[in-house]
Amino acid sequence: MVQKKRAVRSPHGAQRQAPRLRGRPRAYDADQALAEARDAFWDTGYTGTSLDDLVDATGMNRPSLYGAFGDKHRLYLSTLDRYREFGRAAMKEELRPERSLQEALRGLFAHAIAIYMAGSHGARGCYLIGTAATEAVHDSRVRAIFAAGLHELDELMETRLREAVQQGELSTDIDLAALARVLCGVMNSLALRARAGDSREVLEATADAAVHLAVARRTHRR
């Protein structure tokens, strides 16, 4: 009878065959847990996501969640950093110089729209914009990550436009920094419009207009 009581007291029933184990086994996948926490924040925002929501999303109990990622705020910051890493890698891949500028921009916008339209409860837009924009007002650490993420994409876009100038695809008299901000601004707008319910067709037409705007400024040199 003593053994039966010990088995029932297994935390959350997660390890019935090893009732003395506390918390989650060390075999959890940190990347997967961060992705699941990110998805929870993505749907309901930082403030609207409770610790119980995060426990349900990750399958980790509270002690394990704290032990792996710290408190809710630190976990959220980690998901923002990870999202920025993925965004940076995706943008570099889509804007690689072997592609023409038009092909690169079309690929970038198509990749972004695919992300913005995804979500089990509906189109979610961009994780950084959708969640960090509201928290940035009163949270300086979130604001710093948010700003760095936006500026980083501007710089990557400007670098690709500069390569287009060198390859003769754009005129040399263009303000590349301003054009980069415009193109990234369109991408941000697509994220908001996706979350607001605009159709994929509307988003794709908007992206096409942005591409035409950029490539129309071709060099006039013969």
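At what angle do helix α7 (residues 127–135) and helix α8 (residues 140–166) pack, and how far apart are their axes? The legends below take up this pair and then other views.

**Figure 1. Packing of helices α7 and α8.** The two helices pack at an angle of about 140°, with axes 8 Å apart. Axes are lines fitted to C-alpha atoms, for helices over the stretch in contact, and angles run from 0 to 180 degrees between N-to-C directions. The pair α7 and α8 is therefore oblique, since angles under 35 degrees count as roughly parallel, over 145 as roughly antiparallel, 65 to 115 as roughly perpendicular and the rest as oblique. Their crossing is left-handed; a crossing has this hand if the near helix is turned anticlockwise from the far one by less than a right angle, and is right-handed if clockwise. From α7, L128, I129, A132, A133 and E135 meet V142, I145, F146 and G149 of α8, where contact means heavy atoms within 4.5 Å. This contact of α7 with α8 comprises seven nonpolar, one polar and one charged residues. In this classification Ala, Val, Leu, Ile, Met, Phe, Trp, Tyr, Cys and Pro are nonpolar, Asp, Glu, Lys and Arg are charged, and the others, Gly among them, are polar.

**Figure 2. The whole protein, for orientation.** The model is predicted: local features need pLDDT of at least 70, side-chain atom pairs count only at pLDDT 80 or more, and totals for chains, interfaces and linings use all residues. Residues are numbered from 1 along each chain as its sequence is written, and side-chain values use heavy atoms, with hydrogens and water left out. The protein has ten helices and zero strands; helices (H or I, at least four residues) and strands (E, at least two) are DSSP runs, numbered from the N terminus. Of its 222 residues, 40% count as buried; buried means under 20% relative accessible area, exposed over 50%, and partly exposed in between (1.4 Å probe, protein chains only). Among contacts with a separation of 6 or more, 67% join residues 24 or more positions apart.

**Figure 3. Packing of helices α6 and α10.** Helix α6 (residues 101–117) packs against helix α10 (residues 200–215) at about 155°, with axes 10 Å apart. The two are therefore roughly antiparallel, and their crossing is right-handed. Residues in the contact include L105, F109 and I113 of α6 and L203, A207 and V211 of α10. By class, the residues of the contact of α6 with α10 are twelve nonpolar, two polar and four charged.

**Figure 4. Packing of helices α2 and α3.** The axes of α2 and helix α3 (residues 51–58) come within 8 Å and cross at roughly 150°. These helices are therefore roughly antiparallel, with a right-handed crossing. The contact is formed by A33, E36, A37, A40, F41 and G48 of α2 together with D53, L54, A57 and T58 of α3. Six of the residues in this contact of α2 with α3 are nonpolar, two polar and two charged.

Figure 5. T44 belongs to helix α2 (residues 30–48) and is partly exposed, with a relative accessible area of 46%. A polar atom of the T44 side chain lies 3.1 Å from the backbone oxygen of A40. Although T44 and R124 are 80 residues apart in sequence, they are 9.9 Å apart in space, C-alpha to C-alpha. R124 is in the loop between α6 and α7 and counts as buried at 12% relative accessibility. Leaving aside neighbours within four places in sequence, R124 is in contact with D39, W42, D43, Y116, A118, G119 and R195.

Notes:
A polar contact is a pair of N or O atoms within 3.5 Å; within protein, one must be able to donate a hydrogen and the other to accept it, and residues adjacent in sequence count only if both atoms are side-chain atoms.
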